[in-house]
Amino acid sequence: MNPEVPIEGDDYSGPGSTDGQPIRYVPRRFPANDHAAIEASLGRGKYAEILYEAGYKSARHWCDKKARTHGLTRMAVFEHYLERLSRGGWGRFSFIQADEAGGCADIRLDYSDFILAQGEICAAKTCYIFAGWFAGAMDWVGEQTRDKGGTPLRTLCCEARCGAEGYDHCVFAVRPKAMSAV
Ligand SMILES: [Zn+2]
């Protein structure tokens with residue numbers, strides 16, 4: 001089966017870019033090993049916090065760029081984001097429900113790359129790396145929706161349940177931040 005994501009090759013550096021953004025292509029085990037080593041060193045809480053902020057920024061950048069490249073707007077960009085993550089090998093992402101105006105979404109993840117790399121039940125939520133990505137995408141959508149004035153909603157995301165705890169899939173919940181926390 002050929003890759004479902006268009007990859008522009010480069011004569012010197014191999015697979016080079018998709019939609020004009022540079023990419024890399026590595027075995028699943030490599031980033032999983034990095035991830036485990038950094039988590040062990042920093043502690044899960046601190047590492048999750050750092051990843052959340054970095055992922056939040058990356059998701060917003062991605063949405064901005066794809067919106068311009070493909071002429072997509074608002075939730076269509078978020079849907080495209082889930083599709084591209086799925087095709088990129090991170091797992092299979094889909095919306096269980098999404099409420100653009102309310103800043104809410106539940107996202108289902110099947111075949112999480114981090115669970116497959118771990119290969120065992122560990123009774124702990126394992127895929128927290130994705131949480132900041134979905135809050136970033138939802139906040140980007142919120143800014144597009146309210147660009148005619150008003151304060152855009154800010155959201156938070158957490159992995160509400162994880163396949164690593166024994167469920168058959170993971171669920172991420174995006175919810176608006178409490179007004180006092182904005
Ligand atoms: Zn999970």
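1. In which helix is the place of Arg74? Arg74 belongs to helix α3, which spans residues 74-87. The model is a predicted one. Phi of Arg74 is positive, near 45°, and the residue is not a glycine. Most residues other than glycine have a negative phi.

2. Tyr111 sits in the loop that links β5 (104-110) and α4 (113-118). Tyr111 is partly exposed, with 15 other C-beta atoms within 10 Å.

3. Now the overall layout. The chain holds 5 helices and 7 strands. From the N terminus, the order of elements is β-β-β-α-α-α-β-β-α-α-β-β. Of the 182 residues, 28% are buried. Among contacts with a separation of 6 or more, 53% join residues 24 or more positions apart.

4. The sheet is open and has 4 strands. Their order is β4-β5-β7-β6, and the pairing is antiparallel. β4 (92-99) and β6 are the edge strands; each has a single partner, so one side of each lacks a neighbour in the sheet. From one strand to the next, the twist averages 20°.

5. The pairings can be taken one by one. β4 and β5 are antiparallel over 7 bridges. Asp99 has Cys104 of β5 as its bridge partner. β5 pairs with β7 (residues 170-176) over 5 bridges, again in the antiparallel sense. There, Leu109 stands opposite Cys170 of β7. β6 (residues 155-161) runs antiparallel to β7, and 6 bridges join the two. Cys158 is bridged to Ala173 in β7.

6. Which strands does α3 touch as it packs on the sheet? α3 touches β4 and β5, and its direction makes about 160° with that of β4. α5 packs on the sheet as well, touching β5, β6 and β7. The direction of α5 makes about 140° with that of β6.

7. The largest nonpolar core has 37 residues. Cys127, Phe134, Ala137 and Phe172 have the most contacts inside this core. Elements giving two or more residues to the core are α2, α3, β5, α4, α5 (131-145), β6 and β7. α5 gives the most, with 8 residues. In soluble globular proteins, nonpolar side chains tend to be buried together.

8. Leaving aside residues up to four places away in sequence, what does Phe134 touch? Its contacts are Ala105, Ile107, Cys157, Phe172 and Val174. Phe172 is another of the residues with the most contacts inside the core.

9. Helix α1 (residues 29-42) packs against helix α2 (residues 44-70) at an angle of about 120°, with the axes 6 Å apart. That angle makes α1 oblique to α2. On the α1 side, the contact is made by Ile38, Glu39 and Leu42; on the α2 side, by Arg44, Lys46 and Tyr47. By class, the contact has 3 nonpolar and 3 charged residues, and no polar ones.

Methods:
Residues are numbered from 1 along each chain as its sequence is written. This is a predicted model: local features need pLDDT of at least 70, side-chain atom pairs count only at pLDDT 80 or more; totals for chains, interfaces and linings use all residues. A residue is buried if 20 or more other C-beta atoms lie within 10 Å of its own, exposed if 12 or fewer, and partly exposed in between; C-beta atoms are placed from the backbone. Two residues are in contact if their C-beta atoms, placed from the backbone, lie within 7 Å. Axes are lines fitted to C-alpha atoms, for helices over the stretch in contact, and angles run from 0 to 180 degrees between N-to-C directions. Angles under 35 degrees count as roughly parallel, over 145 as roughly antiparallel, 65 to 115 as roughly perpendicular and the rest as oblique. Ala, Val, Leu, Ile, Met, Phe, Trp, Tyr, Cys and Pro count as nonpolar, Asp, Glu, Lys and Arg as charged, and the others, Gly among them, as polar. Two strands pair if DSSP finds at least two bridges between them. A nonpolar core is a set of buried Ala, Val, Leu, Ile, Met, Phe, Trp, Tyr and Cys residues joined through C-beta atoms within 7 Å.
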